[in-house]
Structures are given as structure tokens and as C-alpha cells.
Amino acid sequence: MSSQARGLQNFISDLRNAKSKEEETKRVDKELANIRKKFTAGGPKARKGEDGSNSTLSSYQRKKYVWKLVYIHVLGYDVDFGHEEVLALVRSDKYSEKQVGYAALSLLLRGDDPMMPKIEGVIRTDLTTPGVSAGKGAPTSDSAQSLALCSIANISGLEVIQSLHQDVQHILVSKSSTPNVKKKAALCLLRLIRTSPNVVSGREFAPHVAQLLQDRHLGVLTSAMSLLNGLASQQPAEYESLIPYVVHILGMLVLKKACAREYLYYRTPSPWLQIKLFKFLQLFPHAVIPPAENGSTASEGGPSASKAYISQLISVVSKILNETDVSDSINKSNADHAILFEAVNLIITWGGSGPVQLRDAAMKLLGKFISVREPNIRYLGLMTMAKLAQIEGSSEGIKKHQATVLVSLKDADISVRRRALDLLFVMCDTDNAERIVDELVAHLVLADAAIREEMVLKIAILAEKYATDLRWYVDTILKLISISGDHVSDAIWHRVVQIVTNHPQGDLQAYAAATLLVAASPRRCHETAVRVAAYVLGEFGFLIAERPGMSGEEQFRILHQHWATSDNKTRAILVSTYAKLANLYEECRPLVAPVFARSRNSVDVEIQQRATEYASMREAFSPEAVEDLLREMPPFEDRRQSALEQRLREKEGDDSAAVVKAARPSAAQRQRQAQSAAAALAAEEAAMAAQQQGLEEEVDDAVNNHAETNGAAPQSSDDAHVVGIPKEIIPAMRKAFSNLCTSPSGVLFENELLQIGVKHEYVGAQGRISVFFGNLSRSPLKKFRAIVDEDDHLRMQKQGTQGLLDEDEGCTVAVRTQAKLLLLVEVAAPFDDAPAMRVMFETDDGVKHEYPLRLPIVATCFMEPVTLEPGAFMQRWKSLEGQDRECQEVVKAPPNAPPIDEEYMKRIAHIITDGLKFGRCQGCDPTPWTVSGAATFRTGAKDLNGNNINVGCLVRVEANPQAGAFRVTTRTLHPLCSKAVKNVALVSIKLA
């Protein structure tokens, strides 16, 4: 092959014409062997240059072979020789050779190469030695410096940075450096600080940057601003003093149009420089606040100079906002709008501290942009408006463009649709949430699959965030499932379950159960709807079991019709639901048993394990344990960030406007939290009021018994010298006992020697009561004993401080310490009295004390509300007629009570639902002066079939406004329950 065929162009042609990778590799290997032979021609005895290169090669040959090595390296092949020839080219005085050498140096060598110390010396020589063209072909000083700077930026090894960064800084600030060299030095230093940020000290280097910003060459200013943005992004405070210089440059470009002709871009003065200037100012959100107000140090010239640059900056931004318009030239329009959007981003950075007129002007301008036909401008307008919407006080202005944004949601460009969705998400609040959510749900039917998942996620977050009625939230999620169930993730329906479970107030749980039962009724139902319906019905299906067509057997039938078409995950949920239905409804057990039997042989381990455990549960555990295991789940932990917000953050990043919006609690969420807290507090207060006077008979009996046993005043028996309860504390005892009957904790008894506190809680038919005996005297209480009588209607387990339950020895309670008693109780039958407890001890002087007391464990502690339809309530009401089942009494309203009106009746209804724990039966009250309710008294007793025995309770309160009186009627299957409910209701009404 002729020598000409071995040239660079022919070599490249050969590689391009290779028909396979193997042929290309073979050609490269052949060429590498030839180049290596040329570099080592003559053997070890051949004449070598001082850098180890082959001095017999001509300039043409050396350049040709080095270019071939560079091309081979770019193709991805390893090149591990020829570095000496590269160094020879770099040392050459000819520009053509030096250019090839530096290009090869930047690509072939890394910072840890063994030859780097030699190369650093050559680079430093080119950087620091000013030279003039030595003749034809010799490089000028600035071209050699430029090549060296480019090479340093591309090698960027740590050793190179530490060795040469000071030389680069010196060239950058040197007055003798040409503009071309300064530009290269600024960009080279930027590359170095990105690799090693500590090479430049902000405090020392800021004055040099200020000197660069006074350069009149716009190319130097543009490169200097790139460097400044890189430095300031790492240490903003060190470069804050440069704001006046930046504002001055902006003023010259925007206000005075002072720009060299070569930097005019379609009559726009240096748009790239303007953008860099704005990006620098965006690093300082408080730039428009005078230093005296924002706490920063005043710049040179004092407050007047600060006010001057602030005024100039506002003028610059205002002019850009007012004079930018769509141009016929696409290039000019792009440049102008790039500057405009950076100016708007600066206004967004200022936030609420910026001038209101600029914010309003930006909003007006963006409203114009989101309606133009150009998709790029519309995209940027939507994205920027979403950021602007985060500023406090901007929401009303953005709402004016809601209709336009909804139109953009139907744009042909999916990127525009995404930005429109983001903006709708950000502009949503309590006032417009329902309309926006309804529009998004309606558009979801026609939306592309690429955006559906994002729409579903954001609709779910908005519906939860701004729902003033959580029933609307449940309905919205069901719509999402019916329209786009495949895109409703597990996190969304898990959130529905969490919210329904955590909000027992009102009728949300019953509404969710009824709505989901209806949603799951069709055979063609999305599997996600089956999952959420199965879970909610398993937990709260009992709340609707009395409604027509919603019995436990009907719930099982509706859910089980989806068994054959459900996947294993759904079947596992259904198995758990079936177990709970069988536990609540006896008629469901024959239906559930065959399902468990078949599922024991399931190929899915989870289904097999659940079915086996549920089927054998009643044989392995006691009925009480099974009841505990299958009762409704406790409330979920309320995390600060929901799983949906976390998923949105993962998809869009922390800087997304939608993520920032989702992280802020809405007014509706804060209101729900306040309502939940208030409802909990009101429930406690209403329950206390409901039972306080209603239990007066029990308290009176207990106190009278105390008085009969111990006397009306502190006294000693001649026989036993026992001190009883003093007469003067009997009213306080009555009040304390009544309060504790409806309060979870409080003081039961207190005198100068002893304080007895009680803390109790109940779930279904079981309760946990903790009693604390505190010694308030100045000496120990000896032979301290607490004896609790056990009644037939209460099963009781007792644990206490060692000796406390010993009737003979007792324990010693030291000064300022406590003895503790724990009672675990389960009610076995209705009752109307509280269990008795005797507290006995001796003081240091040998005086014996004995206090007969009653524990605040009463029948109403074990009530659970039930919601009935009007027809079901009246049917039960009539079926419970009879002397033994009904208790009725008329009570006058207190003399100081207000007239009986609708507000008064609302308080009565509140007492029935929250105080007595009855479910309000809406629609069965013939007049507004009647309140009806239903509840279940839970017991742990079992019938012949092993089911818990519960007592249904009905109550009706009828008011006579003219007579100022109420008639309370209670009907239950057990006379003691009727009496207990009536007494509580009577006393609660007296306190209303």
C-alpha cells in the first residue's frame, strides 16, 4: 500500500468501511503496531530527544501518527504509548504542532499519569512566559496560553489543580492578559473549582472578581459571570458585596443598551450575559431589602448607594416585564423570553419581600403567555406561574386564569399538559378544590396513559387535602378507581383505609362501608375496589348490618362473587374479611367454612396460612381471645408526611412546586385536626355530664353506705378505733366519682393523708383500670390494703404492689410514694351498681383508717354506637314494648336553663351521640323536638353457639318547649340496661 494510503483520512475511511467489529479491531491493531514501530524506529541505539521522543520523525509524521492515536482513543480503544511524542509536540515552537500536542494531551493523558510532572513544567512555561511570534508558524503568547488553559481544564487532576491553580488565577486578574486569555482563564478556573471547591477563598478572591466585573469587554464579563455563579452557588455570603456591580452591568445593557455591535443578538444586548446576571441575583432573595432591614452589611457607599442599586434593579426588571413581547423572529423571541423568564424567576426568588407591582405585572404577563399558540412559551408560562403561585398573596391573581389552565390540560403536547396539571395542583385551595378535582376527574376519562398515573396521584392528594367533608373524598377515590383503576396505586387505597379508620366521628365509617358495598355489588368491578371494600367491610361492616340488603350474609355474598376473578393479594384480604364476618354474624359461618377448607390447599403460602389459622382459631384459643384477635383494627399512626406525598416527592424531586404545595397543610386539614381534637374533648365532657347525675343513685348509695359504716364525721369506734370518711368531703367524693365515670383519669378520693387516682379505658366488653394510692402525709402508711369485692357480673383479674391485696399483712407506702393496683375486667351481664373497694391502713400513731369506696366502673362504659335506618329503628322500637323492657321518666329542665329551641336540641343530640355513645338515627324523629338513638351493650358472655351475648339499647328523648320538660324513654331486652340508660340520660339533660 502506498505511503499516501496510510494517511489519516484514509485510515478513517478504512474504519468507516469496516463491515464488522472484528474487521475494525483488526485494522486498529495493525495501525497501532505500525505507529509503535515508527515511534521506536532504530531500536535502543536510535537518537532520542530530551523527552524520549524519536527525533528522526518529521513534523508531518509525528502529527499524523498522534492524530491517529487520538482518533483510536476516541473510538474507545486503549492507547498506552506515544506520550513522549505528544510531549514533543507540546514543546514545539510551531503553533500547528503545539495545537496537536495540546489536543492529544487533553484526551490521552490523565492527572495521575507518570509523565505529568514533565508536562506541568511545559504548561507552566506556556502560561507564564509572555512571547511574541518568533516567525512564521510560531504561536503568539495568547494562543499558547489559551491552549494551555484548555488543556488544564480538561485534565483537571488533583495534582494538576494544586500545582497550577494559582497560575490560572494570576493570569485571570493580570492587567497584561488579553481578553481572550481572560475568558479562557475564567472558564478554566470554573472547571477547577467544580473539581476542588477549596482552591479559591471567597473573601480573598471577591475583590478580584469585582475588578473583572468592571472590564468593558462583554466576552470577559460573560465568562467572569459564569465563574462568579459557580463560586457564589457554593459560598453566597462571600460574594454578596458584588450585587451592585452586577446590577450596574444589567442597567447598562437593559436601560442604556450599551453593547458592542458584535454582542448584539437580533438587537438584544448580549442575552447570555443578562441571563447569567439574573441567575446570580437569584442567589440572594433579600437583595431588594435595604441592608438595615435584612441585617446584612451595607455595601460601599452606605445606605444611599444600596437604595440606588435597588431602585436601578427594580427599574431593570420593570422594563423587561413591560417591553418584552412576542417577535416575528423566532431567534429574537427566544432570546427575549429567556431574559424575561429569568427576570420572573428573580421576582419569585424575592417572594413576599419583593415589590407587589412587579409581582402583579409578572402575573399579568404570564397569564398572557399561557394563552399564546407557541407551545414553548406556553410551557414556560405554566411552569413559571406554578412557581409564582407559591408566593403568599398570589393565589387570587392566579385563580383568574383557571379557565385558561383547564384548556391547556387538553393540549396536544403532553409536556404542556403536565405543566398545566402542576399549575392546577398548586392553585387549588378550599374554595375551588371541588371544581378543579371534578374537572380533573372528568378529563381523566380522555387522558393519555402516559399522564394518567400522575393525574390520579395528584387528584388523590388534592381530594384529601381540601375535603371539607370526607365523604366527598371517599366518593372521589371511588371515581378514580372506576375510571382508571389500573393507575390507582396501593398507596392511594391504603390512604383511604387509614383516613376512614382514623375518623370515627360522625358517620364516615358507616358511609364508607355502605358506599363500598354498593360499589362492589356489580360482578364487573375493578379489583382495587374489591380490595378496599373488603378491608372496610371487615372493619366497619357491622355499622350497616341492620340496613336493608346490607346484612352480614349479603356482605359476604357480594364480596365472594369476586373470589374467582381476584388475584392472590386480593384473596388474602378477602380471607381476613371472611374471618371477621364469621365472628360477627353466625349466619356467615357455614358460608365461610368451605372457603377456608378449600384455601388450606392454596398454592399461595399467604392464603394457605391465613385460612388455616382462621379455621383453627376457635379450637386453639378461648372465645375471649378470638374476639380480641378479630376486633376492629386500632387507628393508624398519623405520620407528618403521607405515603402519597412521599411518592410525589420521589417522582418530581424536592424542588417541584407540587411537592412544596403538598407539604403545606391546608386549612381543611388543620380544621379536621382541630375538629378531631375538639370531638375527642367534647366526647369526654359529654360522657362525664351524661353519667354524672345519672349515677347519683349509685353514688348516694355508696356514700350513704360509707356514712352508715363510718359515721357522718371523723370518729373512732370504742371497739376498733377505726376512722372512716369525714362528712365534709362527701360532696367532693360524689363529684369525683361522677366525673370519673365518664373521664379516662382523675382523682377518686383525697384528704390530708391519702390521694387515690384512677385511670381506666375500655374496648368492647373489656376494661383496664389502674388505681394509684399516694401517701400525702409526713409519715409512712403501714399495713396498707385495698380489697375489691368481686361481683357476678364482672370477671376480674387483680395485680398490685406486693402485699397490697393481702388482707392480713398489707404493704407500707412511704412518704410521697405510691402503691399501684391494676384491674382487668370483663362484663358478663348487665348491671346497675359499681364494684366496692375498701382501703385500710394504719398511721404512725397507731390509728386505723378504713374507707369504703366505689370504683367508677358502670354499665355505660361498655356501650358501642349503632346507626339504624328509620324503618329498622321503628321496627325494633315496637318489638321492645313491655313493662320489663321499657323505662320512662319526665324531667324538668333546670331553672337556669335557656328556653328549649333548636340550639338546645342540638346539645341534646350531642349528648345522645357523644355522651351516651349512641348512634343517632336520622329520619325517624317525627318532629325537631325528638332525638332517637341506638347502641349495643357489649358483654363477654357466650350463648349456646359460642357467640358473645350483646344487648341492644334504644333511647328516645322528646321535648315539650312550652312546659320546659323532657320525656326520656329507653327500651332494651334487659331491665337493668333500660334503667341505667334512662338515669344517665336524665342527669345529662339536667346538665345540658
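Does Glu31 count as buried or exposed? Glu31 counts as buried in this predicted model, because its relative accessibility is 2% and buried means under 20%. Its partner in a salt bridge is Arg27, with 3.0 Å from N to O. Arg27 is buried too, at a relative accessible area of 16%.

Helix H2, covering residues 21-39, holds both Arg27 and Glu31. They are four residues apart, about one turn of the helix.

## Salt bridges between separate parts

Glu238 and Arg203 also form a salt bridge, and their closest N and O atoms are 3.9 Å apart. Arg203 belongs to helix H10 (residues 202-212) and Glu238 to the loop between helix H11 (218-234) and helix H12 (243-254), so the pair ties together parts that are 35 residues apart in sequence. Glu238 is partly exposed at 28%, while Arg203 counts as exposed at 66% relative accessibility.

In the salt bridge of Asp411 with Arg378, the closest N and O atoms are 2.3 Å apart. This pair links distant parts of the chain, 33 residues apart: Arg378 is in helix H18 (residues 375-388), and Asp411 is in the loop between helix H20 (402-408) and helix H21 (414-427). Both Asp411 and Arg378 are buried.

## A network and the whole chain

Salt bridges also join Arg418, Arg419, Asp422, Glu454 and Lys458 in a network. The whole structure has 42 salt bridges.

The chain has 992 residues, of which 51% count as buried. Its secondary structure consists of 40 helices and 18 strands. Carbon and sulfur atoms hold 50% of its accessible surface of about 46,700 Å².

Methods
Residues numbered from 1 in each chain as written. Predicted model: local features only at pLDDT ≥ 70, side-chain atom pairs only at ≥ 80, totals over all residues. Heavy atoms only, no water. Helix = DSSP H or I, 4+ residues; strand = E, 2+ residues; numbered from the N terminus. Buried < 20%, exposed > 50% of the residue type's maximum accessible area, 1.4 Å probe, protein only. Areas by Shrake-Rupley, 256 points an atom, 1.4 Å probe, with all protein chains shown as cover. Salt bridge = Lys/Arg side-chain N within 4 Å of Asp/Glu carboxyl O.
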